[in-house]
Amino acid sequence: MSSSLLRFAPAVRNDQTKLLPNLAERWEVSPDGLVYTFFLRRGVQFHDGSPFTSRDVVVNFERIINPPEGVNSPPAVFFDTVDHLEAPDPSTVRFVLTEPYPSLVSFVAIPWCGFYPAHLIESGADLREPQNIIGTGPFRFKSYTPSVSYELERNPNYYDRNLPYLDGIVAYPMVDWNAASQSFLAGQLHLYRSLTAPPLDLLESQPDVRVVGVPTLLVWTLYTNAANVEAFKNQRVRLAISLALDREGLIASLTEGRSRLSGWMHPDGAWALPEERVRSVPGFGSDKAADIARAKQLLAEAGYPNGFDVELLAFNLDVSTPSSIADQLGQIGIRVQTQILQLGEYVSRLQDRAYQLVLGFDAPWLDEPKATFASWMTNDPDTSFTGLW
């Protein structure tokens, strides 16, 4: 529903090295690498009819970099080298940096960095309310029925008059993959995307169904909240949890072997660790019996010989993964009670750090260390998901 200054070119295997114009038609970088100037596309309108200008860019990025009290802004860390923004005219905006940072042009292309009208932000409107979902993208918000569906309609004023091709999109959040697959095969759904892989032979056997595998930067994460749970402040407990997780088993059962074991960075990217180095990390090896024995020993040394109880928070887009993790942690005596929430409530709990153990995923858009590690390797308590720094 919203567009960013630049966009990533369609590519295979996560090649994000080529950027294309979007709301900015072109950009320049000063010789010293400290000033990035974006020249905006003229004639762009927001869904409410107001014009898109450099003022909107400045107001939105200032909100990202310095969010108001009570607002969590995960992308803020991407722009921590930005000293200030300038808008010399309605079609030009400058990012002035404290030090050279070549990844800036990639970060402004992330879809998270879309725009609301400046007047909406300055009015203090709650941007989470459906009526305030106002962007510049090819589709605009139409309706939302909690736990049932949300609907988008074609934006008649989109800057590319040839797009979009569709008149609208209706999305149905469905937890049960079997129900989703049956709806898809019955023609009630036209596109089916899952965080875990359903039995693909059910779909691949259909002559009018095309199964497309798209490489992704998505990495499942399990966060321990050391700010709320005393046990998680103990490094031995955290190591025991890592040892208990059967990553190869999760890959086999949840993605039918279509995922790959890796470190935090993408296994095909420039920052990847060699596979043998990854497998040397505790918990990433193949001898799970030895890992479980060592995990139990660590828990006993930490003062938890009989384990302990903990709540695992997860969201309703996937129910198989939290169940599998609960079973694996149960093998070392950590008794997990899983709470599955609607995505909106899950995000609110995440932002408020109101959890003990939480299952989520990193989808950083970029194979870039800051994008990948920013949510947990930070001394900012408003950004850190782990409570550790």
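This is a predicted model: local features need pLDDT of at least 70, side-chain atom pairs count only at pLDDT 80 or more; totals for chains, interfaces and linings use all residues.
**The sheets**

Let's start with the strands. Strands of a sheet pair through backbone hydrogen bonds, either parallel or antiparallel.

| Strand pair | Sense | Bridges | Residues facing each other |
|---|---|---|---|
| E8 (149–154) and E9 | antiparallel | four | Tyr 150 and Ala 171 |
| E10 and E13 (357–362) | antiparallel | six | Leu 222 and Leu 359 |

In soluble globular proteins, nonpolar side chains tend to be buried together. What does that look like here? The largest nonpolar core has 42 residues, and the ones touching the most other members are Leu 5, Phe 38, Phe 61, Phe 79 and Phe 95. Several elements supply at least two residues each, including strand E4 (35–40), strand E6 (92–97) and helix H3 (118–122). Helix H1 gives the largest share of this core, with six residues.

Leaving out residues up to four places away in sequence, Phe 95 touches a whole list of others, among them Leu 5, Phe 38, Phe 61, His 84 and Leu 104. Apart from this core lies another one, made of 29 residues, including Ala 231, Ala 244, Ala 314 and Ile 325.

**Helix H7**

Now for a helix. Which residues of H7 (247–254) are buried? They are Arg 247, Leu 250, Ile 251 and Leu 254. Looking down the axis of H7, you'd find these buried residues within an arc of 100°, so they line one face of the helix. They pack against helix H6 (235–244) and helix H10 (320–330). After H7 comes Glu 256, which has a positive phi, near 55°.

**Two loop residues**

Finally, have a look at two residues in loops. Asn 225 is in the loop between strand E10 (219–224) and H6. Is Asn 225 buried or exposed? Its relative accessible area is 3%, and anything under 20% counts as buried, so Asn 225 is buried. A polar atom of the Asn 225 side chain lies 3.0 Å from the backbone nitrogen of Ala 227. Setting aside neighbours within four places in sequence, Asn 225 is in contact with Phe 232, Arg 353, Tyr 355, Gln 356 and Thr 386.

Pro 74 sits in another loop, the one between helix H1 (54–65) and strand E5 (82–89). With a relative accessible area of 43%, Pro 74 is partly exposed. Pro 74 and Phe 46 are 28 residues apart in sequence, and their C-alpha atoms are 24 Å apart in space.

Terms used:
Residues are numbered from 1 along each chain as its sequence is written. Side-chain values use heavy atoms; hydrogens and water are left out. Buried means under 20% relative accessible area, exposed over 50%, partly exposed in between (1.4 Å probe, protein chains only). The arc is that of the directions from the helix axis to the C-beta atoms. Contact means heavy atoms within 4.5 Å. A polar contact is a pair of N or O atoms within 3.5 Å; within protein, one must be able to donate a hydrogen and the other to accept it, and residues adjacent in sequence count only if both atoms are side-chain atoms. Two strands pair if DSSP finds at least two bridges between them. A nonpolar core is a set of buried Ala, Val, Leu, Ile, Met, Phe, Trp, Tyr and Cys residues joined through side-chain atoms within 4.5 Å.
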